Amino acid sequence: MYYTLRHQPIKGIYVLGQLLATTFIRIPLWILFAIHPSWRPRKNWTIKRVVWVNIVRWFWNMQTKTGPILPTPNHLSITKGRNVNGVWVAAVQHLVTGELASWAEDAKVSSVRVPGYWVHKKGASIGVAATPSKGEKVIYHLHGGAFVRHSAHPNDPVAAIGGGFLKNCTNIRHVFSVEYRLSTHKPYDIANPFPAALLDALAGYNYLVNTIGFSPSDIVVVGDSAGGNLALALTRYLIEYQNSPDIQLPEPPGHVVLLSPWADLSGSHDIPGSSAIMNNGVDYLGDPIAGGVDYAKVAYLGPQGHRGAMSNRYISPASVTPSMQVSFKRFPRTFIVAGGSEALYDQIVTLRNRMVRDIGEGEGATDEEGKVKFYVAPDAVHDYLIFEWHEPERTATYKEINEWINLVS
């Protein structure tokens, strides 16, 4: 069902045909059927947004048949480019213990050396991997892509998020992203299921603290979509095993920012009347089968399977299945972003409610003040900070995050 057109020349012919059909047939029809506001998925959307969301949905769905259209950087090498600052991040098998060690053994994965990429604020004279000044903050970005797509490389479309932080956040001078391993399944080789990406995220965090010298309190862990899931899992591991007698973990980060986090892989929110159903024709994610979400779940879950999706707090902390037991006590300040038009909206609300239950709602730095801020852009789609055309929501969101980060700086 998936990636059936991945081989050349069929792939090239199919992509060319799709490009022609979209340019000369689909786009004119999308414009025509969006002329009147009442015909649009959201009446407040512009014609431009309607067209762009349809283009993204079409491109997202097409890749479930063809695989990546262009070569994508991966964890095996540092992909060079203009102003690309790549470094190698050492493996951290010595920091793996407890359940994480057991899950890694079951999945036959271990910590390995992976690339990481630095991006600096325009005009800043910062050396690659330079020692930070006291109190200097850094964005540690874990990219989205359903655990099977995209890259940490600065030329990847998802890197627009890091660029947005550098442009809009006054006290952020650099962003670091780790090239965590992507999961694959048939018809490709089965590789890198959970917890491979978590091991790599841990390696990147350890690199920032113990190699570069950032204080954990100055690290802002940012995750979008699947990266939001990964940011939660990384933070949870650092908290739950902080006092483990056999390892010495870095302390948890001072801030976590979750952008449209994919926090429930169990499908427990996919019920009639839910955002997963009601926003199916609005959000570009669309149908989980056509969009490849089901493939991504199988590839990422690996030996954990559907049972893990229902009950593993590191995989589906927002699952509403009876077997899910999850706590967010001791979690740091967390800023959660959701688009009101996205398919994942309901599960993000569940995540927010659980976090507020355990660490309180507010903008402060202490339990008494509350640590969770929830920001909703009503007409925004999933992971909208990726898209420069998604204005004014994109800039407004960065402004809110900037103020929140600086509140206790």
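Guide: Gladly! Let's begin with salt bridges: this predicted model has a count of 11 salt bridges.

Visitor: What makes arginine 313 and glutamate 99 a salt bridge?

Guide: Set the distance against the cut-off. The rule asks for a side-chain nitrogen of Lys or Arg within 4 Å of a carboxyl oxygen of Asp or Glu. For arginine 313 and glutamate 99 the N to O distance is 2.5 Å, so the pair meets the rule.

Visitor: Is glutamate 99 buried or partly exposed, and how do you know?

Guide: Buried means under 20% relative accessible area and exposed means over 50%, with partly exposed in between. Glutamate 99 has a value of 28%, so it is called partly exposed. Glutamate 99 also belongs to a network of salt bridges that links Glu99, Arg236, Glu240 and Arg313.

Visitor: What makes arginine 173 and glutamate 136 a pair of this kind?

Guide: The closest N and O atoms of arginine 173 and glutamate 136 are 2.9 Å apart, and the limit is 4 Å, so the name salt bridge applies. The pair links distant parts of the chain: arginine 173 is in strand 4, and glutamate 136 is in the loop between strand 2 and strand 3, 37 residues apart. Arginine 173 is partly exposed at 33% relative accessible area, whereas glutamate 136 is buried at 8%.

Visitor: Let's turn to domains. Which domains does the protein chain have?

Guide: The domain assignment gives domain 1 (9-66) and domain 2 (85-407). Their centres, taken over C-alpha atoms, are separated by 29 Å.

Visitor: How do you know that domain 1 and domain 2 are in contact?

Guide: Contact asks for heavy atoms within 4.5 Å. By that rule, 14 residues of domain 1 are in contact with 20 residues of domain 2. The two domains bury about 1700 Å² between them, with 56% of it on carbon and sulfur atoms. Arg42, Arg49 and Trp60 supply 42% of the area that domain 1 buries against domain 2, more than any other three residues. There are also 12 residue pairs in polar contact between the domains.

Visitor: How many salt bridges are there between domain 1 and domain 2?

Guide: The count is one. Arginine 49 and glutamate 393 meet in a salt bridge at 2.7 Å, N to O.

Visitor: Why is tyrosine 3 called buried?

Guide: Tyrosine 3 has 7% relative accessibility, and the limit is under 20%, so it counts as buried. Tyrosine 3 is in the segment before helix 1, and has a positive phi of about 60° although it is not a glycine. Serine 225 has a positive phi too, of about 55°. Its place is the loop between strand 5 and helix 6 (226-240), and at 8% relative accessibility serine 225 counts as buried.

Visitor: Which residues of helix 4 are buried, and what covers them?

Guide: The buried residues of helix 4 (residues 160-168) are Ala160, Ile161, Gly162, Gly164, Phe165 and Leu166. What covers them includes strand 2 (114-120), strand 3 (137-142) and helix 11 (393-406).

Visitor: Where does UniProt place the "transmembrane region"?

Guide: The unreviewed UniProt entry places that feature at residues 12-35. In the model this span is 88% helix and 0% strand, and its end C-alpha atoms lie 33 Å apart.

Terms used: Residues numbered from 1 in each chain as written. Predicted model: local features only at pLDDT ≥ 70, side-chain atom pairs only at ≥ 80, totals over all residues. Heavy atoms only, no water. UniProt positions renumbered as here; feature names shortened; annotations may be inferred. Helix = DSSP H or I, 4+ residues; strand = E, 2+ residues; numbered from the N terminus. Buried < 20%, exposed > 50% of the residue type's maximum accessible area, 1.4 Å probe, protein only. Domains from an automatic or database assignment. Buried area = accessible area lost by both parts, 1.4 Å probe. Polar contact = N/O pair within 3.5 Å; in protein donor to acceptor, adjacent residues only side chain to side chain.
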